[in-house]
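Let's take a walk through a protein and look for the spaces inside it.

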Amino acid sequence: MDLTIPKPDLELKARARRFAETVLFPLEEELELNGHLPDATKAKLKQAVVDHGFNAINHAREHGGQGLSIFQQTLVNEELGKATGGLWAAAWHPAVALKHGTAEQIRDYLVPSCQGRRRSAFAITEEGAGSDPRRVRTRADRRDGRYYLSGEKWFVTSGDVADYLIVHAHVDGDPDKPTLFLVDKDLPGISVKRIPKFMHNYVFEHPEFVFENVALGEDKVLGRVGGGFELTKDWFVEARLQIAANCLGAAIRAAEVANKYAAERVQFDRPIRDFQAIEFMIADMAVEIMAAKSVIYRVAWEIDQGLDRKLVHARASAVKLYASEMAGRVVDRALQVLGGRGYMRENPVERLYRDIRVDRIWEGTSEIQRAIIGGQIKKRGLGPYVDWA
Ligand SMILES: Cc1cc2nc3c(=O)[nH]c(=O)nc-3n(C[C@H](O)[C@H](O)[C@H](O)COP(=O)(O)OP(=O)(O)OC[C@H]3O[C@@H](n4cnc5c(N)ncnc54)[C@H](O)[C@@H]3O)c2cc1C
């Protein structure tokens, strides 16, 4: 048994670290203090993503992506997750569901998205449908060989910079026909209702969209009619691992900042790390990070080895749940070690404290992950979690 990370993967990770430190970190304060980045800066950032080779790390080279394995993606996402303000999202990941498109959809949507000529956003959530997507009211009514899309979508991350949306709708209003549609944003009948502000300052926005009888050809169905959940499930696995890796990076950065500060900050004539209360907090951070890293790397590696799809779903939930809650605990302690400075917006730990809160909510809340894990245990016993295989 050899758990050594291959040298090329370590080099990739070091490259991602350099990209985060030299391209993303310098933009953090401007984004935080102004709430957004100027368009010219966003354009430069986009070019830097391509120049450093971090666009579409989740897609095959023949589609314009970087062709990284899941394990390699995890290493990159860990490093990018150290950046605050959601700047990791600048390195776009076109939805994995696009791989299941027709040859024309791959040509017109996936390939240009990987190359940065187009950008997608995923729209499932609605006012009345969050954890329970069967409550989706957005409908696609079939008439005369076309679909007419009507409804509203909330929290559409990167909806401001996307030029098309992947919309989850029920065909003819039937919850048994959940279906994904490729919806170009400039079609008549699409409008932005609101761009709400959130706890974090994120590099892009999360607008709400309204669709009024938007006419779509049959060629805009992604996958098959009724197949929306299967495709979304694949997306969830990838997104959950990505969130876990981002959380790991966030926790490591917070711990590094706190550890350095604890060594330098003197009170009562000694560095504060010499107080056991502080030393123990740093020890707890290190142990939790070590545990999270072990489970994230293991599951990413197992997926690359062809782990059974059901086990992949079961374990991706566990990884997302553990890593997002771990990051919450670690960043909270890091902030405490920093005292008043940890509460200042110029401090990355303060920003991480707000940034990572959403990781316990999006792509399935912590409660939904626990419900998935509980369901798996009822069906399969504790094996998927306590056995090694
Ligand atoms: C910043 C941000 C960005 C987002 N980006 C996107 C995006 O790009 N695309 C998109 O489609 N969505 C997006 N979302 C939506 C996100 O996925 C939902 O917020 C999330 O799934 C939870 O849904 P909800 O907010 O409606 O909460 P609800 O589902 O109403 O849940 C409220 C509370 O009830 C609990 N709860 C619900 N059901 C159960 C249950 N069965 N058992 C136990 N507890 C339960 C939840 O855990 C939670 O604590 C985003 C959200 C945020 C905040």
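Ile 70, Gln 73, Thr 74, Asn 77, His 93, Glu 238, Leu 241 and Gln 242 line the largest cavity of this predicted model. Two elements give two or more residues to that lining, namely helix H3 (70-80) and helix H5 (228-264). Helix H3 gives the most, with 4 residues.

How many cavities of 30 Å³ or more does the count come to? The count comes to 1. The volume of the largest cavity is about 70 Å³. What kinds of residues line the largest cavity? By class, 5 are polar, 2 are nonpolar and 1 is charged. Domain 1 (7-115) and domain 3 (229-386) are both involved here, and each provides at least three residues of the lining of the largest cavity.

Rolling a probe the size of a water molecule over the atoms shows where empty space is left.

Sorted by class, the lining of the second largest pocket has 9 nonpolar, 5 charged and 4 polar residues. Why does this pocket lie between two domains? The second largest pocket lies between domain 1 (7-115) and domain 3 (229-386) because both give residues to its lining.

Our last stop is the ligand. There are 17 residues around the ligand, and those that come nearest are Thr 125, Ser 131, Phe 155, Thr 157 and Glu 367. A polar backbone atom of Phe 122 is 2.8 Å from a nitrogen atom of the ligand, and a polar backbone atom of Ile 124 is 2.8 Å from an oxygen atom of the ligand. On its own the ligand has 970 Å² of accessible area, and the protein covers 62% of that.

Finally, look at what makes up the shell around the ligand. Strand E1 (120-123) and helix H9 (366-380) each supply at least two residues. By class, the shell has 9 nonpolar, 6 polar and 2 charged residues. Domain 2 (120-222) and domain 3 (229-386) both give residues to this shell, so the ligand lies between them.

Definitions and conventions
Residues numbered from 1 in each chain as written. Predicted model: local features only at pLDDT ≥ 70, side-chain atom pairs only at ≥ 80, totals over all residues. Heavy atoms only, no water. Near = heavy atom within 4 Å. Polar contact = N/O pair within 3.5 Å; in protein donor to acceptor, adjacent residues only side chain to side chain. Areas by Shrake-Rupley, 256 points an atom, 1.4 Å probe, with all protein chains shown as cover. Nonpolar A, V, L, I, M, F, W, Y, C, P; charged D, E, K, R; others polar. Domains from an automatic or database assignment. 1 Å grid on protein atoms, 1.4 Å probe; cavity = no way out; pocket = protein on both sides within 12 Å on 5 of 7 lines; lining within 4 Å. Points joined across faces, edges and corners; volume = space filled by probe spheres on them.
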